[in-house]
Amino acid sequence: MEQRVSANLEKLLRVFGDTRVQLATTALAASAITAGVMWGTRRTRRSKRARDLKRNTLESIDFEGDSGFLGIDNEPQNTIVTKHTPVELTPNEESLIREQLARHYAFLGTDGMAKLRDSFVVVVGAGGVGSWAAMMLLRSGVQRIRIIDFDQVTLSSLNRHVAATRATVGISKVDALKMSFLDIAPHAQIDARVALFSADTASDLLSGSPDYVLDCIDNMDTKVDLLTFCNKNNLRVISAMGAGMKSDPSRVQIADISDTFEDPMSRVVRRRLKLLGIQSGVEVVYSTEKPGKVQLVSLAESQTEEPGDFSVLPDFRVRIVPVLGTMPAMFGIAMGTRVLTELAGFPTEPMAIKSRHALYARVQRELGNREKDRTAEFGGPQLRMSTDDTGYMLDEIWRGKSAVSGVTDKLALTRWRRDLPMTTSNCVCMTKSEADKHDKISGAPEDHYSPEIVEFVEQRLNEEKHISKMR
């Protein structure tokens with residue numbers, strides 16, 4: 001055994017005693033050491049570049065909201081716009097604008113367009129959602145717009161930002177929008193603010209008596225700060241929830257924050273606002289599409305240890321959210337449509353959608369049970385309404401709300417006038433408890449409800465009679 005070990009040692013000594021082997025071994029060791037040093041140096045430099053970039057970005061942003069539209073010579077060229085900023089047009093220019101907006105004049109009327117053109121709107125967040133909302137408001141006739149965002153156009157912006165082109169990569173998103181806006185409506189007063197919205201800057205950035213504020217922010221803390229400020233200062237606001245990782249356009253909805261479901265961002269915002277004493281009164285655009293089909297893009301290996309070094313700003317997300325460019329556009333256009341109809345005084349009433357098919361079947365079944373209890377005095381049991389009729393009454397006529405309280409939960413249908421047959425022209429929507437009390441009253445509804453409620457119900461039932469002729 002000892003002889004065998006000695007023989008092996010002698011062979012090893014002869015091999016490593018060879019000059020060529022020694023040189024090769026030394027070269028391999030040196031290469032390994034060099035590679036390790038290079039990898040460590042490269043990683044350190046990458047992390048330093050990320051920190052430097054973030055610091056430079058922070059230093060270049062005017063967080064107080066005073067920065068404005070910058071020309072090529074970097075001289076401020078922005079105008080502070082408020083509700084009362086004059087918009088001056090020559091007769092010839094006015095004639096051009098009237099032709100440009102001819103289809104909207106035909107739709108909204110002269111009075112509606114006058115209100116729209118006299119309005120002032122603030123859009124906070126000029127990304128995929130905000131850029132489309134602001135663009136459609138401008139194209140629709142809004143002449144005073146303030147756009148607020150700290151970010152710049154990147155190549156990845158081209159799949160969803162309305163004004164992003166390769167020529168605008170590297171400049172601020174609000175400046176890119178302003179240039180595009182003035183090509184479309186040279187007379188428009190555009191206040192482009194390269195600024196980061198926060199609770200500290202809210203009073204300045206939302207100053208000027210805006211008629212509407214559009215919240216298109218994707219940072220949760222900042223979003224809650226904006227909605228809280230608007231609530232406390234009685235500013236009309238509509239907020240965009242998450243459009244990322246969504247792909248079904250049929251699921252996009254407009255509803256009060258209290259009526260949202262399935263959407264994680266809506267749920268978090270709703271809970272945080274509730275802690276601040278705000279339970280409703282915030283209108284949102286959101287999607288009922290269940291998340292989970294796609295996932296956040298994973299961090300690169302070099303980013304996992306210090307992910308904060310790679311975020312643009314402190315507390316902002318690092319991981320990339322997959323986005324279909326069409327979905328932010330749909331959110332933005334939905335917001336813009338809601339705002340312009342409200343500003344013009346054109347009646348629309350967004351309907352809260354919640355598992356409607358199952359709801360229709362349940363309400364129709366409960367309506368059948370109510371009708372079984374009808375005595376001969378009131379025509380006996382009658383049910384001439386199908387499940388489709390139930391959905392039609394619940395959503396199209398009553399907009400998914402109780403005619404008495406406006407509540408959207410635990411709804412039921414019942415006869416409005418007990419002595420008339422149960423048909424679509426004598427069907428009212430209430431909560432279950434309200435319907436139970438209503439079914440026990442004697443006499444006409446006018447004896448039990450306020451004139452406002454009676455007038456409202458009769459107006460909706462007259463509307464149903466008109467619509468039913470076209471069904």
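## Helix H6 and its strands

Helix H6 lies across strands E2 and E3, and its direction makes an angle of about 165° with E3. The model described here is predicted. Helix H6 spans residues 173-184, and together with E2 and E3 it forms a right-handed β-α-β unit.

Strand E2 (residues 144-149) and E3 run parallel and are joined by six bridges. Within this pairing, Ile145 has Ile190 of E3 as its bridge partner.

## The enclosed strand E3

Strand E3 covers residues 189-194, and six of its six residues are buried, so the strand is largely enclosed by the rest of the structure. Gln189, Asp191 and Arg193 point one way from E3, whereas Ile190, Ala192 and Val194 point the other way.

## The sheet

Seven strands make up an open sheet with mixed pairing, in the order E3-E2-E1-E4-E5-E7-E6. Strands E3 and E6 (252-256) stand at the edges with a single partner strand each, so one side of each has no neighbour in the sheet. From one strand to the next, the twist averages 15°.

Elsewhere in this sheet, strand E1 (residues 120-124) runs parallel to strand E4 (residues 212-215), and four bridges join them. Here Val123 stands opposite Leu214 in E4.

## Helices H3 and H4

Two packed helices are described by the angle and the distance between their axes. The axes of helix H3 (residues 91-100) and helix H4 (residues 102-117) come within 9 Å and cross at roughly 125°. H3 and H4 are therefore oblique to each other.

On the H3 side, the contact involves Glu94, Ile97, Arg98, Glu99 and Gln100, which meet Ala102, Tyr105 and Arg117 in H4. These contact residues divide into four charged, three nonpolar and one polar.

Note on methods: Residues are numbered from 1 along each chain as its sequence is written. This is a predicted model: local features need pLDDT of at least 70, side-chain atom pairs count only at pLDDT 80 or more; totals for chains, interfaces and linings use all residues. Side-chain values use heavy atoms; hydrogens and water are left out. Buried means under 20% relative accessible area, exposed over 50%, partly exposed in between (1.4 Å probe, protein chains only). Helices (H or I, at least four residues) and strands (E, at least two) are DSSP runs, numbered from the N terminus. Two strands pair if DSSP finds at least two bridges between them. A crossover is right-handed if, with the strands pointing away from the viewer, the path from the first strand over the helix to the second runs clockwise. Axes are lines fitted to C-alpha atoms, for helices over the stretch in contact, and angles run from 0 to 180 degrees between N-to-C directions. Angles under 35 degrees count as roughly parallel, over 145 as roughly antiparallel, 65 to 115 as roughly perpendicular and the rest as oblique. Contact means heavy atoms within 4.5 Å. Ala, Val, Leu, Ile, Met, Phe, Trp, Tyr, Cys and Pro count as nonpolar, Asp, Glu, Lys and Arg as charged, and the others, Gly among them, as polar.
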